[in-house]
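My entries follow in the order I made them.

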Amino acid sequence: MRTIFYAITILAISLWGCKNQTSQDKHKHTETETHAGHSHEGHHHEGEEHDHEHEGEEHDHEHETVKEHAAHSHEETEAKHSDEIIFPKAQAAKTTFEVKEIQPGSFNQVVKTTGQIMAAPGDEAVVVATSNGVVSFSSNKLTEGSSVQKGQSLFQISSKNMAEGDYYTKVKATYEAAKANYDRAEALVKDRIISQKEFENTKLEFENARTAYEAVSSNKTAKGVSVNAPINGHVKNILVKEGEYITVGQPLATVSQNQRLVLRAEVSQRYYNALQSVSTANFKTPYDNKMYSLSDLNGRLLSFGKASNENSFFIPVSFEFDNKGEVIPGSFVEVYLISAPIENTLSIPVSALTNEMGIHYVYVQIDEEGYRKQEVALGANNGKEVQIVKGLNPGDRVVTKGAYQVKMASASSAIPHGHSHEH
């Protein structure tokens with residue numbers, strides 16, 4: 001019985017252990033499935049979030065690409081027009097404005113030097129005193145530059161109340177005495193009372209006295225002896241002062257016709273070979289800063305020196321030209337000697353240039369109201385036009401008049417939104 005009890009007890013314990021193990025395995029399996037399901041669902045969720053983020057990144061990337069492309073295009077557009085200067089047509093119409101298309105052409109070699117304007121021979125006359133005495137001006141309007149006519153009274157010379165006596169009275173008395181001696185000698189020589197030589201000496205004294213008297217008597221006035229202008233023209237300079245004592249033959253003034261003037265240039269010896277082909281010149285005056293061309297003034301080359309003076313390293317070159325009343329004789333000028341031509345070269349008027357810190361610029365038209373600032377390198381300069389070595393191309397449209405106005409407009413770099421860029 002005891003054996004049977006033990007057997008039943010062992011069997012019951014075994015059955016309970018198996019059942020408990022089965023329950024645990026089932027619980028573990030359930031947990032495993034639950035965990036697996038949870039893990040699977042969690043993994044799927046994370047995958048979806050990852051995909052969503054990936055799509056967002058792609059979307060952001062595409063958006064950024066579009067923005068960058070748009071910004072790049074805008075920058076390109078701005079870069080294309082960032083150097084454009086807007087100068088409206090309405091504003092240009094209010095000024096002296098001109099745009100010229102430049103093309104290759106002939107440009108003459110130039111030798112730049114200095115020179116002086118002088119009166120041409122025969123175009124000036126010196127007014128001299130015809131008697132001793134105190135000088136006074138015939139008119140209080142007589143000044144340098146005054147226009148005068150031939151025979152016009154310029155000065156009065158009076159010797160009244162002077163210790164040496166009145167000059168006119170003395171000349172008249174000398175003349176009358178010489179005439180009387182001549183008349184007497186003429187009768188005596190016929191009778192051979194006096195020699196022929198003595199008669200000739202008497203005659204010479206009479207002729208001299210008569211010349212002096214006629215020179216004074218023809219211009220005698222109540223104020224003294226008048227000194228007149230010898231030619232038409234204007235008073236170049238006055239060499240005496242009112243009330244000054246002067247003597248016979250003393251220069252009083254210079255009258256210039258200024259119909260023809262001479263330009264005398266001094267050229268360095270190193271340009272001697274270039275002088276062989278010089279035919280004309282331009283010159284600029286300091287008092288009005290104006291450029292004159294001898295070709296416009298009926299100018300011609302007179303001569304150029306074959307050698308320099310022993311005291312100078314310069315060779316003189318002389319031109320003659322018509323004076324139209326704007327050039328002052330005696331003034332020093334800048335001279336541009338025009339020599340042999342340079343073919344197939346670009347040139348522009350000097351008025352087209354602007355200068356900033358020693359660098360030269362021009363303004364090139366790029367559309368109807370748009371302009372571009374362009375740096376240029378210069379070559380020869382004849383005073384009116386300058387050769388362009390670098391910076392411009394044939395066909396460029398350059399502002400030749402009004403460049404300063406365009407330069408002022410460049411102070412505003414903003415391009416109006418309403419402006420259309422048509423090229």
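**Helix H3 and its neighbours**

I began with the packing of H3: its buried residues lie against helix H4 (196-217) and strand S8 (220-221). I note here that this is a predicted model.

I then listed which residues of H3 are buried, and found Tyr167, Tyr168, Val171, Tyr175, Ala178, Tyr182, Ala185 and Val189.

Next I checked the length of H3, which covers residues 167-190. At 1.5 Å a residue its 24 residues should span 34 Å, and because the end C-alpha atoms are 35 Å apart, the length agrees with that expectation.

I looked at what comes after the helix. H3 is followed by arginine 192, which has a positive phi, near 60°.

**The sheet containing S8**

I traced S8 into its sheet. The sheet is open, has 5 strands in the order S8-S9-S7-S5-S11, and pairs them antiparallel. S8 sits at one edge and strand S11 (245-246) is the other edge strand, each pairing on one side only.

Strand S7 (residues 153-158) and strand S9 (residues 224-228) are antiparallel, with 4 bridges between them. Which residue of S9 is the bridge partner of phenylalanine 155? I found valine 227 there.

**The cavity**

The search gave 1 cavity of 30 Å³ or more. The largest cavity holds about 70 Å³ of space.

I went through the lining next. It consists of 13 residues, and those nearest the centre of the cavity are Ile157, Ser159, Asp166, Gly224 and Val225. Which elements supply at least two residues each to this lining? I noted S7, H3 and S9, so the entries on the helix and on the strand pair meet here.

I sorted the lining by class and recorded 4 nonpolar, 5 polar and 4 charged residues.

**Strand S12**

I turned last to strand S12 (residues 251-256). Is this strand mostly covered or mostly open? I recorded it as mostly covered, with 5 of its 6 residues buried.

I looked up two pairings of S12. Strand S4 (residues 124-128) pairs with S12 in the antiparallel sense over 5 bridges, and valine 127 stands opposite alanine 253 of S12. Strand S10 (residues 233-238) also runs antiparallel to S12 and is joined to S12 by 4 bridges. For asparagine 237, I found threonine 254 as the bridge partner in S12.

Note on methods:
Residues are numbered from 1 along each chain as its sequence is written. This is a predicted model: local features need pLDDT of at least 70, side-chain atom pairs count only at pLDDT 80 or more; totals for chains, interfaces and linings use all residues. Side-chain values use heavy atoms; hydrogens and water are left out. The expected span of a helix is 1.5 Å times one less than its number of residues. Buried means under 20% relative accessible area, exposed over 50%, partly exposed in between (1.4 Å probe, protein chains only). Contact means heavy atoms within 4.5 Å. Two strands pair if DSSP finds at least two bridges between them. On a 1 Å grid over the protein atoms alone, a cavity is a set of points where a 1.4 Å probe fits but cannot get out, and a pocket is an open set with protein on both sides within 12 Å along at least five of seven lines; lining residues have an atom within 4 Å of a point. Grid points are joined across faces, edges and corners, and a volume is the space filled by probe spheres set on the points. Ala, Val, Leu, Ile, Met, Phe, Trp, Tyr, Cys and Pro count as nonpolar, Asp, Glu, Lys and Arg as charged, and the others, Gly among them, as polar.
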